[in-house]
Amino acid sequence: MITRYKQLTKKYLKNNKKRSMLTIIGIILSVSLISSIGLFLKGMQEVQIEKAKNTYGSHHLQYTNPDKGLIEKISNNPKVARNGTFNVEEEFTINDSIDVREISATNQALELLPYQVKEGRFPEDEGEVALEGWLLRYIDSNADIGGKIEINNEEYRLVGILENNIMEQINNRGNILKKGNYSGEKETVLLVEISSKTNLKSAVKELSKLGEEDDFEKNEALLGVQGASERDNEAFLGLYIAVGVIILIVVISTIAVIYNSFQISVMERIKEFGLLRAVGTTPKQIRKIILREATLLSLIGIPIGLFFGIVAIYSISFAFKLIGGENLEVFKPVISPTILGCSAAIGLVSIYLSALMPSIFASKISPLVAISSRKSIKKEKIKRRKSLPVKITGKLLGFEGELAHKNIKRNRKRYRITVFSIIISVILFITFKSFVDMSLTVTDGLKESQNVHFSITRGVQGTSEGITIDEDVIKEIEDISSVKKVYKVYDGYEFNMEIDKNKEIKELQGFEQDIYRESSSNGKTEISGSINIYDKNVLDASKKYVKSGNIDTEELDEENGVILIRKNRIFNYDTNNTYYGPVADIKVGDKINVSERLYWDQDEEKADKLGEELKVVAIVEDEVFSYNGNPEGLRFITSKNVAKRFTKEESLSPINLNIVLKDIESEKMAIAKIENIIKENPDLEIINHIDNNRKNKSSILMIQILLYGFVVVVSLIGSVNIINTLTTNILLRKREFATLRSIGLTHKGLRKMIVLEGMLYGIKGIIYGSIIGSILSFILAGGINEAREFSWGIPWSTIGIAAIATLIIGYLSVLYPLARIKKDNLIETIKGDY
Amino acid sequence: MKMEILKVENLNKTYGSEINKVEALKDINLSVNNGEFVSIVGSSGSGKSTLLHLLGGLDRPTNGKVIVDGESIYDYKEERLAIFRRRKIGFIFQFFNLIPILNVKENIALPALLDNDKIDKKYLDELIKILGMEDRKDHLPSELSGGQQQRVAIGRALFNKPSIILADEPTGNLDSVTSKEVVELLKFTAKKYNQTLILITHELNIASLADRIITLKDGEIISDKYLRNE
């Protein structure tokens, strides 16, 4: 027996297991989503911090030439975790190119410097050294840990091998670590790490006052990723806003689910609350009963949600390791109590927010409600007029259809709640799905380039000398058995071109960089333009990307034909947005006058008059291979013969080669053969794209997993909402359905009516949701910084998926209550409320 | 010892406004003594239910006063009014209105639960015995017959030892034998615990069990007769 009125809450929840479960599932989904987003970002930060520590050191601050007093002050400051001094004892050069520093440091300084022990340990005594692996190879490749090693004519004991510090390695600087104490003789640096228990920002401020301005330096790289930099805050602002928006969306969908669930459960018990009020329950007590329901559900849902959040983050980490391998570490799963606490708090607040309104509603229920059992009919104001849509559904779907349509319209509140919940779900799905689709198309710009396995390029030296690749070399590479294709890449050539005024794009006219210029001659618009040469192989490979027109090599040669790359990326300096779309309104068949050829001759820009005309024979959406030309002008592709006419050059030779293999398995073999071919020409370098592409492809896959995972969870939350509302919608009216059946409506007819009702709700929700969702997706499209997609299209396919999914969910969710109704005894249902 | 427990002064209740204004009660004046058993009769729409709701603090009058134990209850805010109902009034409704998820014992003890009081187990057992529900005290409302449900509702109304029991057609849903039993039970307990019992009915044989019969018509008292004076 219950002994306190508050225990009513538990009873209610237990009696409504199904809905309580649904509500809890909603809570679990959103809390786990919020916490996994948080943990993911935290994990990313963790990786960044580790990288910063490995490259720049674990210290936050450093003081040059500190006096004894300062060292004393620092070591006694409770906000300091670790501190230590080091000095550079000696510098010398080995192998003519590597600068080696002998660093003598105290124990804690050794830990704070950006060197990690790979094998062995840090030096602890004088005469012991540790150094980087790559440097060791130059000094004594046979040295073992524990053994003797001679450095700069002195003998030491090697106690540790350090991880390579990439930054130093690139700069050809090696470090040898030795143990030493503060002497104050040479230039000494004091490194300070601030304790994690104190506020980093204020500690930095406080400690920075101790040092002279010239002798004091912050480790900005580390402070930046730890969020305590004064400078970098703006860079994080965008991230914060994005995370805020995402969490807001999750919170809104959570509130929608829980609000619905509570509102429905209150409406269902309106009579009971009325009765409780009649026997003297105060409004406050009623509110308490409902808010306690919220508390109980939170107590169950939130911990499980946090648990799933952690599970999710480890699964993502596992999946990422499978995809990207060890070297592509995007984030490190951490269980951060702060993040979990915040997620729980956000969850709790949104649960209370959503339970508040229904609880206030319930507390205002009049006690009279309990007395009159006619309430449910009296209270509903049913419109008597037969509206046109009702008539139409009636005609189309028979009496049951007409009833269904009347039913959904008869109770405004219920109608609104149901349609609102469907709208929210549809909006969330459409907005996010289209957002994800948009951002993914942006990341995947270069199409054919991703299939290239190796490139041969000119080195820095070769580029400045303007060397080209000989036909013999190309022939030799083509002859390698595992090579499938060799694409020749030529230099890009720049021109001034003329287009009609009406071909200008309005949006670009205001850009600061004068994309359109007044032409000197004939009132036309002058615009920059460039031509890249594709050989037959490349043109063939481009064919599948053609949007309009077609590529015919002979036609190109005969008619000065060119292929236009339609979309350019142009940065707008005024708005800091990137325009992504056509630079001029050019169609297949348009003829464009090329007025000048631009080129550099001994550091001087030259312009030769030209009077040729070229004809656009085909248009591709995006660059198929990386393009070499001014992105703020027209970009054309053409054949070598046409290019010769425009450049007036006798011979055009490729500067780069792109190589496609028959089989990636032969990567190693092929690379050895190609290296052998080009080794006589020291200016040529080989780039292995297989590796880069692998990384690129896996990053894209990772982003897809993350974003679609998010969409899936958000849609699940939405589905819970729909199931919840539709199910209870029907169960609330059991008595009415029983009456209908008693006067002769068959179960089949009832089923038809209820299913139609669910469908009608769904259709209304889909219509409104699609409209709002599309508008939001349009706004988001404008907001994507990198991609100002000019031609935003209504996301029809997404709307289609949403519509079908909603109808299916709508259908499935009425099946369960229908089955329950079928089981019920007719007479009992009509008679009683129990 | 007779003393006035309930007093009604110029009570008016109107529904709607202007054109479709309905005057449910017109200037009702009434006084009820401690321990009285009053029946209110009248045809449907005469205003008897409205009067009972106003006596029990369930609704608010358009104007006029209801004074219970010397306190004018409509001066109270909703929170206080609810507590008044809980402690001073016991309601019995036509449709029993039990909480479906609570068993017999819990339904009876509900008013005390709302006060966060310790439940007087002895009193609860006594009540259950008087009601004749000993072998069904752990049943849920759905497992009881109509008469049994109404007995539980009586138990609930009595549990906080209110000074006034208000019964709105308590027998309206019961057969004649059960009806008689229920009213006798009410009469018995009202006597036993020295409570005032006000009962609405349209069945004359039920009404005639009372000490006093008040007849309403179109919102006005048209007769107020004492059948017996003890």
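This is a predicted model: local features need pLDDT of at least 70, side-chain atom pairs count only at pLDDT 80 or more; totals for chains, interfaces and linings use all residues.
The size of an interface is often given as the accessible area lost when the parts come together. For chain B and chain A this buried area is about 3,000 Å², with carbon and sulfur atoms giving 66% of it. On the side of chain B, the residues that lose the most area to chain A are B:E79, B:I101 and B:L114, which together account for 21% of what that side buries. The contact is made by 33 residues from chain B and 28 residues from chain A.

Across this interface the rule finds one salt bridge, in which the side chains of B:E78 and A:R277 meet at 2.5 Å, N to O. Seven residue pairs in polar contact are also found across the interface, both residues of each pair being at pLDDT 80 or more. The elements of chain B that give two or more residues to the side touching chain A are α2 (78–88), α3 (104–114) and α5 (146–159). By class, that side of chain B comprises 18 nonpolar, five polar and 10 charged residues.

Within chain B, an open sheet of six strands with mixed pairing has the order β6-β7-β8-β3-β9-β10. Because β6 (89–92) and β10 (220–226) of chain B each have a single partner strand, they stand at the edges, and one side of each is left without a neighbour in the sheet. Neighbouring strands of this sheet are turned against each other by 15° on average, direction ignored. Strands β3 (residues 37–41) and β9 (residues 212–217) of chain B pair in the parallel sense over four bridges, with B:I40 standing opposite B:I214 in β9(B). Helix α1 (residues 48–55) of chain B lies across β3, β6, β7, β8 and β9 of that chain and runs at about 150° to β7(B), while helix α6 (residues 176–192) of chain B packs on the sheet and touches β3, β6, β7 and β8, its direction making about 160° with that of β8(B).

In chain A, an open sheet of four strands with antiparallel pairing has the order β12-β23-β11-β24. Its edge strands, β12 (483–489) and β24 (684–688) of chain A, each pair on one side only, and neighbouring strands are turned by 20° against each other on average, direction ignored. Six bridges join β12(A) to the antiparallel strand β23 (residues 656–661) of chain A, where A:V483 stands opposite A:L661. Helix α18 (residues 471–479) of chain A packs on this sheet, touching β11, β12 and β23, and its direction makes about 155° with that of β12(A). Helix α23 (residues 667–678) of chain A lies across β11, β23 and β24 of chain A, running at about 170° to β24(A).

Note on methods. Residues are numbered from 1 along each chain as its sequence is written. Chains are lettered from A and ligands numbered from 1 in the order in which they are written. Side-chain values use heavy atoms; hydrogens and water are left out. Contact means heavy atoms within 4.5 Å. Buried area is the accessible area (1.4 Å probe) that two parts lose on being put together, summed over both. A salt bridge is a side-chain nitrogen of Lys or Arg within 4 Å of a carboxyl oxygen of Asp or Glu. A polar contact is a pair of N or O atoms within 3.5 Å; within protein, one must be able to donate a hydrogen and the other to accept it, and residues adjacent in sequence count only if both atoms are side-chain atoms. Ala, Val, Leu, Ile, Met, Phe, Trp, Tyr, Cys and Pro count as nonpolar, Asp, Glu, Lys and Arg as charged, and the others, Gly among them, as polar. Two strands pair if DSSP finds at least two bridges between them. Axes are lines fitted to C-alpha atoms, for helices over the stretch in contact, and angles run from 0 to 180 degrees between N-to-C directions.
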